[in-house]
Amino acid sequence: MALDAALAASPAAPALPRLAYISHPLGGAPRLNRRRIRRICATVVREGVLPVAPQLLLPCFLTYGRDLEPELGCRLAFLARCDEVRVFADAGVTPGMTQEITQARLHGIPVRYYHDLPEPL
């Protein structure tokens with residue numbers, strides 16, 4: 001795969017893949033949105049880019065809607081380390097996504113907008 005090739009580029013100093021922060025709503029229909037985010041991540045990996053999707057990781061140890069400050073801090077820390085932000089706004093941009101877009105611009109991180117989800121796997 002493209003990601004394997006990027007990691008195996010040089011045994012002494014492997015080239016690290018680009019990181020793409022996935023900005024997508026979670027609330028409203030969390031199960032459906034998690035499925036969509038997983039599909040997006042699979043597509044991004046096939047491009048040789050490593051997706052960063054805090055919507056899939058953070059619920060493992062934070063309670064959605066209750067741990068707002070730690071959740072926001074974690075999201076923005078992940079975002080600051082990414083090479084780009086991919087915004088999936090087919091259902092509109094949420095306040096949380098607006099925070100992510102604002103932070104990306106403050107850090108000079110390119111923001112790319114998508115209005116269609118990738119095809120199902």
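Two strands are taken as paired if DSSP finds at least two bridges between them. Strands (E, at least two residues) and helices (H or I, at least four) are DSSP runs, numbered from the N terminus. The model is predicted: local features need pLDDT of at least 70, side-chain atom pairs count only at pLDDT 80 or more, and totals for chains, interfaces and linings use all residues. Residues are numbered from 1 along each chain as its sequence is written, and side-chain values use heavy atoms, with hydrogens and water left out.

An open sheet of 4 strands shows parallel pairing in the order β2-β1-β3-β4. The edges are β2 (50-52) and β4 (111-114); each has a single partner strand, so one side of each lacks a neighbour in the sheet. From one strand to the next, the twist averages 30°. Strand β1 (residues 19-23) runs parallel to β2, joined by 3 bridges. Leu19 stands opposite Leu50 of β2.

Helix α5 packs on this sheet and touches β1, β3 (84-88) and β4. Contact means heavy atoms within 4.5 Å. The direction of α5 makes about 145° with that of β4. Axes are lines fitted to C-alpha atoms, for helices over the stretch in contact; angles run from 0 to 180 degrees between N-to-C directions.

In α5, Met97, Glu100, Ile101 and Ala104 are buried (under 20% relative accessible area, 1.4 Å probe, protein chains only). Seen down the axis, the buried residues fall within an arc of 95°, so they line one face of α5. The arc is taken over directions from the helix axis to the C-beta atoms. On the other side, Pro95 and Leu106 are exposed (over 50%).
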